[in-house]
Amino acid sequence: MHELGAGTSGINPHHGSARNPYNVGKVAGGSSSGSAAVVCAGLCPVALGVDGGGSVRMPAALCGVVGFKPTAGRLSNAGVLPLNWTVGMAGILAGTVEDAVVAYSAIVDQSQPSYLRPELNLPMLTSTPSISNVRLAKYGKWFNDSSEDIRTCCDKALQTLRAQYGWETLDVTVPEIEEMRLAHYVTIGSECTASLAKYLDKLKRSEIGWDVRVALGVYGSFSSRAYLNSQRLRNRQMFFHKEIFKTADVIVSPMTGVTAYTLQDDALSSGELDYINGAALIRYSIAGNFLGLPAITVMVGQDKGGLPIGLQFIGRPWSEATLLHIAFAMQEACSKNHRKPVVFYDLLKKD
């Protein structure tokens, strides 16, 4: 994984960098890089990660697997390093939506009283045609802030949903997306600094990769006033999203703004700060973490270089069953045309 979970590439100068099974010269994404790579390569059907800023969904999209982050509080955080406790939460990476549902049903937290959260419902994935009148909210300006291949592929996927199921796409506006991104960055950085403070005081900075060293330096510069103002923006954004969910069932977007980019040899031993690609990778991740909303990404195609493209569905709180059903429908409509990764092990194949 990316060192301390503080990056989006999966380049780790200490233990080696996770590589993308579709092209081993490309990044796997991060920070749950290895989890995405081993599922993509067929080495296991399901892996876990922690999603604080797309760290489950982003590598899932780059590696062409399912990335599922339930509503904040739906899964227990027991055993999870409290690195960024208000935005980070456990998530599932799986080869298929069906595998994600199996894993989700096994690990979902039902230990707390039922009045703290709605009853758990699991979808019957064989009855997709029975779901009608699904309304998908699309903010065109935001949706199109991606590479041409991603934009074209995701638009085609929405057209497929309309043609096969009659689902409607609604044009909406998500206000102040850039402000939300900055508020999330201040929040995750401040919480990371607070969580790691007692360890960093005892650690030599030279033992940390250059990219994480810079990130921690930036995180430590945030003030308490900036953190509190970010929480005011969080409440404001939750209001905006609730208004969208009055007319739409889910918000739809690409999962990333770019596909997997090239691993630079000189970055393998030091780490890499690539804010251009990093910003493009995290562009569509923020609402799921900053607002605690459930979100899922599923592969809908490949770019001209054969690298996976993921489409994301973001739901209202506690709507996991709906999200899983929609993702399954998308998978059924698109998966027949997908090429397998270059590195793939069929562990169930009989010789």
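Predicted model: local features only at pLDDT ≥ 70, side-chain atom pairs only at ≥ 80, totals over all residues.
In which helix is alanine 37 found? Alanine 37 is found in helix α1, which covers residues 33-40.

## Helix α1 and the chain before it

Alanine 37 of helix α1 has a relative accessible area of 12% and therefore counts as buried, the limit for that class being under 20%. Apart from its neighbours within four places in sequence, alanine 37 is in contact with Arg19, Pro21 and Cys63. Serine 55 lies 18 residues from alanine 37 along the chain, and the C-alpha atoms of the two are separated by 13 Å.

The loop between β2 (23-27) and α1 contains serine 31. The peptide bond that leads from glycine 30 to serine 31 is cis, with omega near 10°. Most peptide bonds are trans.

## Two residues with positive phi

Most residues other than glycine have a negative phi. Leucine 4 has a phi near 60°, a positive value. Leucine 4 belongs to the segment before β1 (19-20), and its relative accessibility of 33% makes it partly exposed.

Glutamate 176 also has a positive phi, of about 55°, although it is not a glycine. Its place is in the loop between β7 (168-171) and α6. With a relative accessible area of 26%, glutamate 176 is partly exposed.

## Helices α6 and α7

Helix α6 spans residues 177-200 and helix α7 spans residues 210-219; the two pack with their axes 8 Å apart, at an angle of about 105°. Because of this angle, α6 is roughly perpendicular to α7. From α6, the residues in contact are Tyr185, Gly189, Cys192, Thr193, Leu196 and Leu200, and from α7 they are Leu216, Val218 and Tyr219. Sorted by class, the contact of α6 with α7 has 7 nonpolar and 2 polar residues, with no charged residues.

## Helices α5 and α11

The axes of α5 and helix α11 (residues 320-334) come within 10 Å and cross at roughly 95°. This angle makes α5 roughly perpendicular to α11. On the α5 side, the contact is made by Ala157, Thr160, Leu161, Gln164 and Tyr165, and on the α11 side by Ala329, Met330, Glu332 and Ala333. By class, the contact of α5 with α11 has 6 nonpolar residues, 2 polar residues and 1 charged residue.

## Aromatic pairs and charges over rings

A pair of aromatic rings is described by the distance of the centres and the angle of the planes. The whole structure holds 6 aromatic pairs. One of them joins tryptophan 142 and tyrosine 284 in a tilted arrangement, 5.1 Å centre to centre with 50° between the planes. The pair links distant parts of the chain, 142 residues apart: tryptophan 142 is in helix α4 (residues 140-143), and tyrosine 284 is in the loop between α9 (275-282) and α10 (286-290). Tryptophan 142 is buried, at 10% relative accessible area, and tyrosine 284 is buried as well, at 1%.

Lysine side chains sit over phenylalanine rings in two places described here. The charged end of lysine 138 sits over the ring of phenylalanine 143, 4.6 Å from the ring centre. The charged end of lysine 340 sits over the ring of phenylalanine 344, at 4.4 Å from the centre.

Not counting residues up to four places away in sequence, asparagine 144 touches Arg151 and Asp155. Between asparagine 144 and serine 253 the C-alpha to C-alpha distance is 8.8 Å, while the two are 109 residues apart in sequence.

Is serine 285 buried or exposed? Serine 285 is buried, since its relative accessible area is 0%. This residue is found in the loop between α9 and α10. Residues up to four places away in sequence aside, serine 285 touches Gly53, Gly54, Arg57, Met58 and Met255.

Key:
Residues numbered from 1 in each chain as written. Heavy atoms only, no water. Axes fitted to C-alpha atoms, helices over the stretch in contact; angles between N-to-C directions. Helix = DSSP H or I, 4+ residues; strand = E, 2+ residues; numbered from the N terminus. Parallel < 35°, antiparallel > 145°, perpendicular 65-115°, else oblique. Contact = heavy atoms within 4.5 Å. Nonpolar A, V, L, I, M, F, W, Y, C, P; charged D, E, K, R; others polar. Phe/Tyr/Trp six-rings, centres within 6.5 Å; stacked < 30°, edge-to-face > 60°. Buried < 20%, exposed > 50% of the residue type's maximum accessible area, 1.4 Å probe, protein only. Lys NZ or Arg CZ within 6 Å of the ring centre and 35° of its normal.
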